[in-house]
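User: I would like to go through a protein model with you. Could we begin with its open spaces and then look at some single residues?

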Amino acid sequence: MENTLDNIMEKTVGQIVADDYRTAQVFKNHKIDFCCKGNRSVDEVAEKHKLDVNELMGELEAVQRQTSDDTTDFKSWPLDLLVDYIEKKHHRYVETNIPVLKQYLAKLCKVHGERHPVLLEINEHFNASAGELAMHMKKEELVLFPWVRKMVKAEHQKEPLERPHFSTVKNPIATMMQEHDNEGERFRTIAKLTNDYSPPADACNTYRVTFSLLKEFEEDLHRHIHLENNILFPKAEFLERTLIS
C-alpha cells in the first residue's frame, strides 16, 4: 500500500483525498470539509469533530486497501488537460444545473413557501451562490486558466515567459480560494437548512427532486473545489516558479 499510517498522518486532509479520491467519502461521512478546509491534518479534524483518530485512520486505510479500476489519478494529469476537464465537466455542470434548480426552487417557494418558510431562505442562499459562481467561473476561464495553458505551452516549447499582468499566479489563486471558502460556507448553510437534504415527510415529488439535485450540486462543487485547491493550484504555483525566476 502506497500510504502507510505514518504517511497519512503527515499529510493534510486535502493531500490524502488528492492521492486517492475514494477517501473523500470517509471525510464526507463525518462531515469533514476536505476541499475548502483541506489544509488540516487528520489529528486536527479528528479533534475538531470529536472523533477517535485511530478509528478515522482505520476507515481511511480500509478504503485505500480496496482495489478500484475507476480511480482517476488527477495528480498525474498535465495541467492543461486538468483545466480543460474542470471547465468542460464542472463549469458546464454548474451552468446547466443552475437554471434547473432556480426553476424548481421558485416553484417550491410559490407552492409551499407559506407552510415551509425555510424554503425562502434556501432559495435566497442558492440564488446568491448561483450569481457568485457564475462570476467566479468566468474569472477562471478568462484569467487563470489561459495563464495555466500559456505556462504549459512555454514549458513544452522551451519558450521564455514574462510575468503576467497580475504579477504571479498566486494572486488570482488567492482570490479563487477565498471565493471557494465563501461558497463552501454557503452550502454548509443550505445543507443545515435542508436537514442534510432530507425532505419533510409530506414533501411532494418536486420537493424531493429539488433536494436531491441540491445535494448532487453540492457534491459536484466539493469535487470541483478539491481538484483546484488541492491539485491544480499547488501544481500551477510550482510550474510558475520553475519558469519565472
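**The largest pocket and selected residues**

Analyst: The largest pocket of this predicted model holds about 600 Å³ of space.

User: By class, what does the lining of the largest pocket have?

Analyst: The lining has 11 charged residues, together with five nonpolar and four polar ones.

User: Let us stay with Lys31. Where does Lys31 lie?

Analyst: Lys31 lies in the loop between α3 and α4 (42-48). Its relative accessible area is 57%, so Lys31 is exposed, the cut-off for that class being over 50%. The backbone of Lys31 has a positive phi of about 60°, although Lys31 is not a glycine.

User: What about Asp196, and where is it found?

Analyst: Asp196 is found in the loop between α8 and α9. Phi of Asp196 is also a positive value, near 55°, in a residue other than glycine. With a relative accessible area of 37%, Asp196 is partly exposed.

User: Changing topic: how many disulfides does the structure hold?

Analyst: The structure holds zero disulfides. Cys35, for example, is in no disulfide, and the nearest cysteine sulfur, that of Cys36, is 4.3 Å away.

User: Is Cys35 buried or exposed?

Analyst: Cys35 is buried, because its relative accessible area is 2% and the class covers values under 20%.

User: And how far is Cys204 from the nearest cysteine sulfur?

Analyst: The nearest cysteine sulfur to Cys204 is that of Cys109, 12 Å away, and Cys204 is in no disulfide. Cys204 counts as partly exposed, at 28% relative accessibility.

User: Back to helix α9. Where is Asn230 found, and what does its side chain contact?

Analyst: Asn230 is found in helix α9. The side chain of Asn230 makes a polar contact with the side chain of His226, at 2.9 Å. A polar atom of the Asn230 side chain also lies 3.2 Å from the backbone oxygen of Phe34.

User: Which residues does Asn230 touch, not counting those up to four places away in sequence?

Analyst: On that basis, Asn230 touches Gly14, Ala18, Phe34, Cys35 and Ile225. Cys35, the buried cysteine discussed above, is thus part of the surroundings of Asn230.

User: Why does Asn230 count as buried?

Analyst: Asn230 has 18% relative accessibility, and buried means under 20%, so Asn230 counts as buried.

User: What about Lys215, and where is its place?

Analyst: The place of Lys215 is in helix α9. Lys215 is partly exposed, with a relative accessible area of 40%. Lys215 and Ser167 are 48 residues apart along the chain, and their C-alpha atoms are separated by 38 Å.

User: Now another asparagine. Where is Asn127 found?

Analyst: Asn127 is found in helix α7, residues 118-157. A polar atom of the Asn127 side chain lies 2.9 Å from the backbone oxygen of Asn123. At 30% relative accessibility, Asn127 counts as partly exposed.

User: How far apart in space are Asn127 and Pro99?

Analyst: From C-alpha to C-alpha, Asn127 and Pro99 are 9.9 Å apart, while 28 residues separate them in sequence.

User: One last residue, please. Where is the place of Leu60, and which residues does it touch?

Analyst: Leu60 is in helix α5, residues 53-65. Leaving aside residues up to four places away in sequence, Leu60 touches Ile8, Thr23, Val26, Phe27 and Val42. Leu60 counts as buried, at 0% relative accessibility.

User: And how far is Leu60 from His112 in space?

Analyst: Leu60 and His112 are 41 Å apart, C-alpha to C-alpha, and 52 residues apart in sequence.

Methods. Residues numbered from 1 in each chain as written. Predicted model: local features only at pLDDT ≥ 70, side-chain atom pairs only at ≥ 80, totals over all residues. Heavy atoms only, no water. Disulfide = S-S within 2.5 Å. Buried < 20%, exposed > 50% of the residue type's maximum accessible area, 1.4 Å probe, protein only. 1 Å grid on protein atoms, 1.4 Å probe; cavity = no way out; pocket = protein on both sides within 12 Å on 5 of 7 lines; lining within 4 Å. Points joined across faces, edges and corners; volume = space filled by probe spheres on them. Nonpolar A, V, L, I, M, F, W, Y, C, P; charged D, E, K, R; others polar. Helix = DSSP H or I, 4+ residues; strand = E, 2+ residues; numbered from the N terminus. Polar contact = N/O pair within 3.5 Å; in protein donor to acceptor, adjacent residues only side chain to side chain. Contact = heavy atoms within 4.5 Å.
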